[in-house]
Amino acid sequence: MADTATTASAAAAAAASAANASADAPPFQLGKPRFQQTSFYGRFRHFLDIIDPRTLFVTERRLREAVQLLEDYKHGTLRPGITNEQLWSAQKIKQAILHPDTNEKIFMPFRMSGYIPFGTPIVVGLLLPNQTLASTVFWQWLNQSHNACVNYANRNATKPSPASKFIQGYLGAVISAVSIAVGLNVLVQKANKFTPATRLLVQRFVPFPAVASANICNVVLMRYGELEEGIDVLDSDGNLVGSSKIAARHALLETALTRVVLPMPILVLPPIVMSMLEKTALLQARPRLLLPVQSLVCLAAFGLALPLAISLFPQMSEIETTQLEPEIARATSSRTVVYNKGL
């Protein structure tokens, strides 16, 4: 009887929510994205919500109110007058601040909504012209330190991960990034065929291969435990089916591809744009504007690249049970299961 009453109250809440639907807000669905995840455009709009920097300024009180509102909806105890827009807003706040697996607050600089504000100064540093060996090492170290923390904070946390794995991944990413960046810079400096202007331009593109390869190393090493232990897969009703190493491989591959695509516009477009802007009369007459202009160009590239890259794959990815381990396929009648690939 209790289950029936709960189901009825939830249905009543859903009906009340649907009655409050507006042209801009579709009927609310708890735990489901506001926008369709089967299309790239839907995922793009979804992740624009995820990375919205305004959620960084949400107070503790507002977060508690948002969580309580979602709990009231879940148990069918919503007070009258609550609209779909309010429910979607509450879910957006919760998803931006709390980890989906642990339900714990993610430290502000390592949230996806903080990735652009806290990451843009690092990108500007990576792309500074005439880098010395020390500055190259410093900016690559700082970038991979930030990436490592973001990867760890937004990982699939359905399985415990020891601190040693985090340290191993962090060191591997830093060493690979610094080694590649320094090695490429040395090669460029020794390339006698390059004119000084060409050498400067080529040096500006050095951060991309260094960062892209290190990002792969970072993701794989920091989340290697998922390959050993597997990650949880859920049926269409959200019930745990089992732990799959195959799903873990898919999750890491999708995340690694995202981390390769992400730095492309960020580290390739600004050098091209800046090489053209530096020739303008304005910047030649006012060289002090170079750094602010480069910062704005990097911010624009970052703001475009992040939602595009993370929209390549849904965060809650779907996979057919026939592709997974036999014991998982036997444990459910669902044709597909879902898993949190992490961000």
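In which helix does Leu290 lie? Please go on from that residue to the elements around it.

Analyst: Leu290 lies in helix 14 (helices are DSSP runs of H or I with at least four residues, strands are runs of E with at least two, and both are numbered from the N terminus). The model is predicted: local features need pLDDT of at least 70, side-chain atom pairs count only at pLDDT 80 or more, and totals for chains, interfaces and linings use all residues. Residues are numbered from 1 along each chain as its sequence is written, and side-chain values use heavy atoms, with hydrogens and water left out.

Leu290 counts as partly exposed because its relative accessible area is 27% (buried means under 20%, exposed over 50%, and partly exposed in between, with a 1.4 Å probe and protein chains only). Apart from neighbours within four places in sequence, Leu290 is in contact with Met274, Glu278 and Leu283 (contact means heavy atoms within 4.5 Å). Leu277 is 13 residues away from Leu290 in sequence, and their C-alpha atoms are 8.9 Å apart in space.

Leu290 and Leu277 also take part in the packing of two helices: Leu290 is among the residues of helix 14 that meet helix 12, and Leu277 is among those on the helix 12 side. Helix 12 passes helix 14 in a right-handed crossing (a crossing is left-handed if the near helix is turned anticlockwise from the far one by less than a right angle, and right-handed if clockwise).

The UniProt record, an unreviewed entry, places the feature "transmembrane region" at residues 169-188, 200-221, 260-277 and 289-313 (positions follow the numbering used here, feature names are shortened, and annotations may be inferred rather than shown by experiment). In the model, the span 260-277 is 94% helix and 0% strand, with 27 Å between its end C-alpha atoms. The span 289-313 is 84% helix and 0% strand, and its end C-alpha atoms lie 38 Å apart.

Together with Met112 and Leu267, Leu306 has the most contacts inside the largest nonpolar core, which has 28 residues (a nonpolar core is a set of buried Ala, Val, Leu, Ile, Met, Phe, Trp, Tyr and Cys residues joined through side-chain atoms within 4.5 Å). Two or more residues of this core come from each of helix 2 (40-50), helix 5 (115-126), helix 6, helix 9 (207-222), helix 12 (263-277) and helix 14 (290-310). Leu306 touches Ile51, Met112, Tyr115, Ile116 and Leu262, not counting residues up to four places away in sequence. A second, separate core of 15 residues includes Phe28, Leu63, Ala66 and Leu70.

Thr258 is in helix 11 (residues 245-261) and counts as buried because its relative accessibility is 1%. Leaving aside neighbours within four places in sequence, Thr258 is in contact with Ala309, Ile310 and Phe313.

Helix 6 (residues 133-153) holds Gln144. Gln144 is buried because its relative accessible area is 0%. Beyond four places in sequence, Gln144 touches Tyr170, Ala173, Val174, Ala177, Val211, Ala214, Asn215 and Asn218.

A hairpin of strand 1 and strand 2 has five residues between the strands, and Gly238 in its turn has a positive phi of about 85°. Strand 1 (residues 231-234) and strand 2 (residues 240-244) run antiparallel and are joined by four bridges (two strands pair if DSSP finds at least two bridges between them). Within this pairing, Ile231 has Ser244 as its bridge partner.

For the whole protein, the secondary structure comes to 15 helices and four strands. Of its 343 residues, 44% are buried. Among contacts between residues at least 6 apart in sequence, 73% join residues at least 24 apart.
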